[in-house]
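This report sets out selected features of a two-chain model in running text. The structure comes first.

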Amino acid sequence: MSQLAPLPLVASLLNAPLPDSGITWLDAARRENREAFAAGGLPDTRVEAWKYTALRALAQRSFASGDANAQTRAVDPSILALPGVDGPRLVFVNGVFRADLSALDSVPAGLTLQPLSQALQGDPEPLRFALSRHYRETGDAFARINAASADDGVVLRVDANVKVVTPVQLLFVGAAAEVDLAWHARNVIELGEGAELTLVEQHVGSGEQVHLATLVSDIELREGARLHHIVLQNAAIGANLIRRSGLRLHARAQATLHVLELGGALVRHDLQAELIGDGAQLDTRGVFMPHGRQHIDTQLAIRHQALNTTSSSNWRGVANDRARGVFRGAIVVAPGADGSDASLSNKNLLLSPSAEIDTKPELEIHADEVKAAHGATVGQLDERSLFYLRSRGIPQAEARALLTAAFCRAVLDDLPNEALREHLSAMLVAQLPG
Amino acid sequence: MSMLKIENLHARVEGKEILKGLSLTVNAGEVHAIMGPNGAGKSTLGNVLSGRDGYEVTAGSVIYNGIDLLALEPEARAAAGVFLAFQYPVEIPGVNNTYFLRAAFNAQRKARGEKEFDSMQFLKLVREKLKVMQISDELLHRAVNEGFSGGEKKRNEIFQMAVLEPQLAILDETDSGLDIDALKQVAQGVNTLRSPDRAFLMITHYQRLLDYVVPDFVHVLADGRIVESGDKSLALKLEEHGYAGIGEGAAA
């Protein structure tokens with residue numbers, strides 16, 4: 001995109017000073033990504049991946065970089081607690097690590113959990129692969145500015161064959177500030193061969209704010225590693241939140257994802273998974289529930305690149321009021337990934353005539369003996385079910401909420417942690433009208 | 001005062017007149033059977049009384065315990081004690097049967113200004129009803145009607161009725177699609193619930209349900225009106241001679 005004057009958003013993000021790490025390769029990568037962002041600007045809706053998410057309004061806004069007062073922002077401790085989760089915890093407020101809110105004294109042997117800012121002061125070499133990446137597409141604009149500007153985030157490593165029993169909690173808190181802020185977090189997560197971990201990633205808001213946050217996570221699962229990743233996105237209703245998660249699964253690695261997208265004004269999640277080792281397995285389940293004027297966009301891209309790999313994706317969307325939900329599920333079975341099995345389902349409910357959901361399943365198969373199934377639907381609550389409930393005395397609003405919650409819960413039913421499952425269910429219900 | 005007084009009821013579905021001046025009076029403690037050929041308007045009557053969308057009442061009135069029933073939303077009718085056992089009970093995946101029933105039970109109590117039951121109180125009530133109705137508690141743990149056999153669905157309707165304790169129960173072809181054992185079980189459930197304060201309106205195509213639930217009155221519904229009324233012997237007459245010729249003398 002060529003412009004005479006850069007858009008306010010681009011200009012304000014470029015205003016941020018480049019962090020200086022003193023690490024040659026890292027500073028070079030930051031510089032290159034920043035230059036790419038300056039040259040490429042923002043994607044418009046002609047870029048396929050941004051077809052349904054227009055950045056026009058956001059592009060006219062400016063954000064101050066970083067929060068100098070992040071260390072002293074008051075955070076209600078109740079937003080940190082999560083039923084069924086009581087293990088090590090890393091907390092970031094407006095992108096800045098908060099030792100006082102984190103819980104790192106109970107980190108078990110074989111688990112490394114530290115903020116990126118600290119990890120870079122030690123040996124940065126293990127992070128080189130992830131942090132020296134160069135993002136090549138205009139569609140990657142936010143990954144570029146993240147790579148250029150993020151100076152904190154999570155570094156998590158589980159050593160080979162270590163099974164971490166207690167779930168690890170990562171909390172990203174957006175806190176009200178004097179000005180609208182932009183902040184960036186970079187997460188690097190690796191599970192060694194045969195390692196096991198349950199990870200709960202939360203995005204929450206404290207007070208009213210309209211910050212812009214970008215998060216980029218790289219998750220590497222070595223041979224036979226198993227990850228259960230739960231994402232609870234309940235950011236402040238005005239927040240702009242742009243995330244990108246890259247997963248790489250080596251042979252026989254297994255990842256299960258449960259995602260709940262509830263908060264935020266403009267929310268985008270790019271989930272890119274590569275099944276690069278034979279027999280790797282990926283399960284993704286998610287619910288997105290925009291209401292009011294929220295816009296929540298999930299872009300799922302799964303590449304089967306090895307023999308007998310399996311992916312199953314089951315996503316549900318519910319849009320109310322004037323909200324918009326976007327879902328794109330693109331599955332590629334690459335040449336040589338014979339015997340793979342890929343399924344994708346996205347069912348959606350519109351609760352209001354002004355709500356909109358755009359869904360697009362895509363399937364590309366270049367291998368043999370592949371099993372694949374995909375489907376997407378957009379509909380409304382079943383009138384017969386609604387009448388059945390009302391005829392038993394359940395008032396209309398309550399009946400609608402009950403049916404909607406049931407529709408969403410169907411994809412969360414297999415979450416093994418019961419306390420957490422109940423909590424997620426309660427969060428769903430709290431989001432419902434009536 | 002009679003419990004239910006339907007006078008000159010006219011109703012349309014998709015612009016087509018189905019009920020054409022139906023009148024019927026039901027008192028507490030009575031069991032009325034409404035019989036009639038297909039297309040006579042039997043199910044329309046049940047749907048109009050329970051407040052389903054798409055049924056337009058163009059004339060007449062329905063007074064239930066002194067109030068205008070047609071002015072109430074379906075949930076308010078339920079709270080006032082009207083229950084419809086569906087001809088085709090709806091499957092609701094993801095909603096647990098017990099949870100659903102408690103939500104309904106408490107919503108009705110709340111609407112009547114009564115104290116809601118907590119889960120322990122409700123479970124106790126449900127256990128008692130299961131015992132009386134001779135229904136296995138396995139039904140409770142499943143999603144509402146999901147994967148139920150035809151018989152299980154109808155038994156579940158009767159079980160809901162037992163828990164909700166309506167004053168006026170409308171059974172819309174509850175006997176259809178049941179084998180003889182299931183029919184007997186459903187009938188036994190209904191008989192258990194018969195009481196001096198409760199009335200039943202049993203809509204049925206066949207006489208055989210009436211062998212097990214003996215009605216006080218039998219009405220023949222044809223072309224949108226009650227064309228003949230009598231006691232249980234009318235049902236036997238219908239069984240023998242069919243609907244042809246019935247009500248010709250009463251049509252005026």
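The sections below treat the domains, the core, the chain contact, a helix pair and individual residues.

The structure is a predicted model, in which local features need pLDDT of at least 70, side-chain atom pairs count only at pLDDT 80 or more, and totals for chains, interfaces and linings use all residues. Residues are numbered from 1 along each chain as its sequence is written, and chains are lettered from A and ligands numbered from 1 in the order in which they are written.

**Domains of chain A**

Chain A comprises domain 1 (8-277) and domain 2 (383-434), the bounds coming from an automatic or database domain assignment. The centres of domain 1 and domain 2 of chain A, taken over C-alpha atoms, are 31 Å apart. Nine residues of domain 1 of chain A are in contact with eleven residues of domain 2 of chain A; two residues are in contact if their C-beta atoms, placed from the backbone, lie within 7 Å. On the side of domain 1 of chain A that touches domain 2 of chain A, the elements giving two or more residues are β10 (226-234) and β12 (254-261) of chain A. Helices (H or I, at least four residues) and strands (E, at least two) are DSSP runs, numbered from the N terminus. By class, that side of domain 1 of chain A has six nonpolar, three polar and no charged residues. Here Ala, Val, Leu, Ile, Met, Phe, Trp, Tyr, Cys and Pro count as nonpolar, Asp, Glu, Lys and Arg as charged, and the others, Gly among them, as polar.

**Nonpolar core**

In soluble globular proteins, nonpolar side chains tend to be buried together. The largest nonpolar core of this model has 198 residues, such a core being a set of buried Ala, Val, Leu, Ile, Met, Phe, Trp, Tyr and Cys residues joined through C-beta atoms within 7 Å. The residues with the most contacts inside this core are A:Phe92, A:Leu249, A:Leu402, B:Ala85, B:Ile170 and B:Met202. Domain 1 and domain 2 of chain A each give at least three residues to the core. Beyond its neighbours within four places in sequence, B:Ala85 contacts B:Glu157, B:Ile158, B:Met161, B:Ala169, B:Ile170, B:Leu171, B:Asp172 and B:Thr174.

**Contact between the chains**

The contact takes 18 residues from chain A and 21 residues from chain B. On the side of chain B that touches chain A, α2 (74-79), β7 (92-96), α3 (97-111) and α5 (150-164) of chain B are the elements that give two or more residues. The largest share of this side, five residues, belongs to α3(B). Its residues divide into 14 nonpolar, four polar and three charged.

**A helix pair in chain A**

Helix α2 (residues 24-40) and helix α6 (residues 141-149) of chain A have axes that come within 7 Å and cross at roughly 145°. Axes are lines fitted to C-alpha atoms, for helices over the stretch in contact, and angles run from 0 to 180 degrees between N-to-C directions. Residues of α2(A) in this contact include A:Ala29, A:Asn33 and A:Phe37, while those of α6(A) include A:Arg144, A:Ile145 and A:Ala148. Seven nonpolar, two polar and three charged residues make up the contact of α2(A) with α6(A).

**Individual residues**

A residue is buried if 20 or more other C-beta atoms lie within 10 Å of its own, exposed if 12 or fewer, and partly exposed in between, with C-beta atoms placed from the backbone.

| Residue | Other C-beta atoms within 10 Å | Class |
|---|---|---|
| A:His250 | 21 | buried |
| B:Leu209 | 24 | buried |
| B:Glu14 | 8 | exposed |
| B:Asn145 | 23 | buried |
| B:Val214 | 14 | partly exposed |

A:His250 sits in the loop between β11 (240-249) and β12 of chain A. Residues up to four places away in sequence aside, A:His250 touches A:Leu221, A:Arg222, A:Glu223, A:Ile276, A:Gly277 and A:Ala280.

In chain B, helix α7 (residues 209-212) holds B:Leu209. B:Leu209 and B:Thr174 are 35 residues apart in sequence, with 8.9 Å from C-alpha to C-alpha. B:Val214 lies in the loop between α7 and β11 (217-222) of chain B, and its C-alpha atom is 7.1 Å from that of B:Lys232, 18 residues apart along the chain.

B:Glu14, in the loop between β1 (4-13) and β2 (16-26) of chain B, has a positive phi of about 50° although it is not a glycine. B:Asn145, in the loop between β8 (143-144) and α5 of chain B, has a positive phi near 60° and is a residue other than glycine.
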